[in-house]
Amino acid sequence: MVTKAVASHHKADAQAALRIGVIGAGIMGSNHARVLAGLPGAELVGIVDPLPEHRARATQLVGCRAFASVDELLGEGVDAVTIAAPTHLHHEIALACIARNIHVLVEKPIASTVEEGHEIVAAASRAGVTLMVGHVERFNPAVAAIKQAISGEDILSIGITRVGPFPPRMSNVGVVIDLAVHDIDLIRWFTESDIVEVQPQLSSAVAEREDIALLQFRTASGVLAHINTNWLTPFKARNVTVATRGKYVMGDLLTRQVTECFGFKPDGSYSMRHLPVGHDEPLRAELIAFLRAVRGEVPAVTGDEGVASLEIAIRCLENPPRPAASSPPRKGPRRVVG
Ligand SMILES: NC(=O)c1ccc[n+]([C@@H]2O[C@H](COP(=O)([O-])OP(=O)(O)OC[C@H]3O[C@@H](n4cnc5c(N)ncnc54)[C@H](O)[C@@H]3O)[C@@H](O)[C@H]2O)c1
């Protein structure tokens, strides 16, 4: 059994700078390193990547040291790591770090499977180290403004659109694990409730895995939620709407404009106002929250929350996606004849 005394034993000294390493020098890891290099209270020890060209790029970009293996980084002595290696490696790398009593921030999704996620959570709890999951969208100031606007309200429904073009590098996951998991986390966080019903519609138009998903949910608290996500839209869009009994809140997560409609009158009139939204870089806010968690605060996104969101995403995938268009090619207005 893990006692509180053991758990607090590994909390970091509030005064000393935390020695942090980044694992994975791809898109996300390079951003982690860039932000950590400029963060008060953190000392970036270096970044790990097996690919020499990725190490060289990170060194050039951030000016930090680079290592070819996790062991080399850990050999330098670190208090904490952020793991931004491909998702299928999160489990192995997190367990190796936790076994050395190192605090861990792991990128979303926490792992490839729910079982792996549970194992990471259990290992961190046994070792008494901090575990946080990188659901960075929670730190988007527009999301924070929406969360504040609906606080104390009776939430009825949530709609989230997260669409865009195909990513330049196709990973081995589809749009549900890559994109919708962000919004599953937001729905759970906004409603402070678990998702209890899942109605997914998936199809694959171009990719092997699903590249279009329309997902419907019901939470234990009775909120209906909907996610529309795909890789077939020529531009990026990220929009959230929340209907409560007293308000209708609309947020654009890219332009960071958040508006609420309120004061509904029987004649159909209502008032509308733009809400103040902060300017913080979400990743910077997330990493600051991680440093605070290492120093003893409750992690802003716990391992259990990361596993719960992954579990819902995986439930959405239980039925394989169907081809987007029927075969032979359907008749319809898109076909040009002659
Ligand atoms: N929070 C977000 O918004 C967000 C956005 C994108 C990606 N991610 C997550 O971040 C993780 C990385 O995604 P990415 O887009 O940066 O991928 P990426 O492919 O750009 O980067 C992954 C890097 O890890 C390296 N790597 C491979 N094996 C390694 C090992 N054993 N040790 C260390 N490094 C290793 C690869 O060489 C590559 O440089 C994924 O889990 C992904 O889901 C999160």
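In the predicted model, R256 is partly exposed, because 15 other C-beta atoms lie within 10 Å of its own, a count between the 12 or fewer of an exposed residue and the 20 or more of a buried one. R256 is placed in the loop between β12 (247-252) and β13 (257-262), and its phi is positive, at about 60°, although R256 is not a glycine. A positive phi is also found at E192, which is likewise not a glycine and for which the angle is about 50°. The position of E192 is in the loop between α8 and β8 (195-204), and its 13 C-beta neighbours inside 10 Å are the reason why E192 counts as partly exposed.

Strand β12 contains M250, a residue with 17 other C-beta atoms within 10 Å and therefore partly exposed. When the neighbours within four places in sequence are left aside, M250 is in contact with T241 and T259. The C-alpha atoms of M250 and I146 are 7.9 Å apart in space, whereas the two residues are separated by 104 residues in sequence. A further backbone feature concerns P109, which is found in the loop between β5 (103-107) and α6 (114-127); the peptide bond leading from K108 to P109 is cis, with an omega near -15°.

Helix α2 (residues 27-37) is largely enclosed by the rest of the structure, because eight of its eleven residues are buried. These buried residues are G29, S30, N31, H32, A33, R34, V35 and L36, and the elements against which they pack are the strands β1 (18-23), β2 (42-48) and β4 (80-83) together with the helices α3 (52-62) and α9 (282-294).

A second pair of helices is formed by α8 (residues 175-191) and α10 (residues 303-316), which pack at an angle of about 125° with their axes 9 Å apart. Since angles of 65 to 115 degrees count as roughly perpendicular and those over 145 as roughly antiparallel, α8 and α10 are therefore oblique to each other. The crossing in which α8 passes α10 is right-handed, and the residues that make the contact are V176, I177, A180, V181, I184, D185 and R188 of α8 and E305, A308, S309, L310, I312, A313 and C316 of α10. In terms of class, the contact of α8 with α10 has ten nonpolar residues, one polar residue and three charged residues.

Conventions: Residues numbered from 1 in each chain as written. Predicted model: local features only at pLDDT ≥ 70, side-chain atom pairs only at ≥ 80, totals over all residues. Helix = DSSP H or I, 4+ residues; strand = E, 2+ residues; numbered from the N terminus. Contact = placed C-beta atoms within 7 Å. Axes fitted to C-alpha atoms, helices over the stretch in contact; angles between N-to-C directions. Parallel < 35°, antiparallel > 145°, perpendicular 65-115°, else oblique. Left-handed = near helix turned anticlockwise from the far one by under 90°. Nonpolar A, V, L, I, M, F, W, Y, C, P; charged D, E, K, R; others polar.
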